[in-house]
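I opened my notebook today to walk through one protein model from end to end. Come along and look with me.

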Amino acid sequence: MKALRISLYLLGATLLMGLALAGALWLWSGSGTSLATSLGQLARYLPAGQTLEAQAVTGSLRNGGRIGWLRWQQGEVSVELRDVTIAWSLRPLLGGELRLGQVAVRHLRIEDRRPASKPSAATPPTDLCLPVRVDLPFTVETVEWVGAGSTSRRATGLAGHYRFDSYSHRLDGGQVHISSGNYQISASLQAASPMALSVQVDGSVQTTLPSSQQPVLVQAHATITGPLAGRDAAL
């Protein structure tokens, strides 16, 4: 009986310690420095050759916050974000869902200065499943892409609502402005084979004809359908 009482005491103490640690972690995740601390810890555990830097970070791991500057880099490829606002709730993660109330970025810059290489044979994908469901509305004021030789492309007003429900990926209300054109995009993709893809794009471009200075509005509609998985996949 004495051994049983000692075992029960040890079990109770272990449970109490676990609850105390869980409570302390929950309180810390709501503090105004937990987001910055988490990003700093994440940078330490990235694979070799990758770096992550962040500045002017405020907010909590539990509810989100603001990031003044964030940069990820691997070799000659880097992604830089400025003035990021993130709002989320950790509670839906208990049910297997990553739900973000808002992701807003003022400037996104992508640099890929790797030299051009010969195209290799593409391997057909088999699945694009994620471990959790995702609900992500996003807006990006400016997107800048810089390639080898300082070639640059720019887009503005990128926005949309991305969802993953364990079975398919969806993009609703997608829109972007490139040069003199405005484009609206909606798409869906099965996560598993045959990975049926459906994309609809509507665009309008303001231009002028070579023989006239009269402005012309060109409108177009395009659809892409077909399976992505398998060797016989065709769009």
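**Entry 1: ground rules.** I took helices (H or I, at least four residues) and strands (E, at least two) as DSSP runs, numbered from the N terminus. The model is predicted, so to speak of a local feature I needed pLDDT of at least 70, and side-chain atom pairs count only at pLDDT 80 or more, while totals for chains, interfaces and linings use all residues. Residues are numbered from 1 along each chain as its sequence is written, and side-chain values use heavy atoms, with hydrogens and water left out.

**Entry 2: the whole chain.** I found two helices and ten strands in the protein chain. Read from the N terminus, the order is α-α-β-β-β-β-β-β-β-β-β-β. I called a residue buried under 20% relative accessible area, exposed over 50%, and partly exposed in between (1.4 Å probe, protein chains only). By that rule 26% of the 235 residues of the protein chain count as buried. I then looked up the accessible area (Shrake-Rupley method, 1.4 Å probe; for residues, only the protein chains shown count as cover). The protein chain exposes about 15,400 Å², and carbon and sulfur atoms supply 61% of that. For contacts I used heavy atoms within 4.5 Å. Among contacts between residues at least 6 apart in sequence, 44% join residues at least 24 apart.

Entry 3: Where does Ser166 sit? I found Ser166 in the loop between β6 (152–164) and β7 (168–178). Its phi is near 85°, a positive value in a residue other than glycine. Ser166 counts as partly exposed because its relative accessibility is 36%. Asp83 also has a positive phi without being glycine, near 55°, but Asp83 belongs to strand β3. With 31% relative accessibility, Asp83 counts as partly exposed. Then I checked the peptide bond from Ser193 to Pro194, which is cis, with omega near 15°. Pro194 lies in the loop between β8 (181–190) and β9 (196–208).

**Entry 4: the nonpolar cores.** I used this rule: a nonpolar core is a set of buried Ala, Val, Leu, Ile, Met, Phe, Trp, Tyr and Cys residues joined through side-chain atoms within 4.5 Å. Which residues touch the most other members of the largest core? Of its 23 residues, they are Ile67, Leu81, Val84, Ile86, Val105 and Leu108. The elements giving two or more residues to this core are α2 (34–44), β1 (50–60), β2, β3, β4, β5 and β6. Apart from it lies another core, of six residues, including Ala187, Leu189, Met195 and Ala229. I also looked at Val84 on its own: leaving out residues up to four places away in sequence, Val84 touches Gly65, Arg66, Ile67, Ala104 and Val105. A background note I kept: in soluble globular proteins, nonpolar side chains tend to be buried together.

**Entry 5: the largest pocket.** On a 1 Å grid over the protein atoms alone, a pocket is an open set of points where a 1.4 Å probe fits, with protein on both sides within 12 Å along at least five of seven lines; lining residues have an atom within 4 Å of a point. Grid points are joined across faces, edges and corners, and a volume is the space filled by probe spheres set on the points. The largest pocket holds about 240 Å³ of space. Its lining has 14 residues, and Leu81, Val84, Ile86, Val103 and Val105 lie nearest its centre. β2 (64–74), β3 (77–89), β4 (97–112) and β5 (133–147) each supply at least two lining residues.

Entry 6: Beyond its neighbours within four places in sequence, Leu52 is in contact with Leu39, Leu42, Ala43, Leu46, Leu70, Arg71 and Trp72. Thr51 lies in strand β1 too, and is partly exposed at 38%. Glu76 is in the loop between β2 and β3. The C-alpha atoms of Glu76 and Glu111 are 7.5 Å apart, though 35 residues separate them along the chain.
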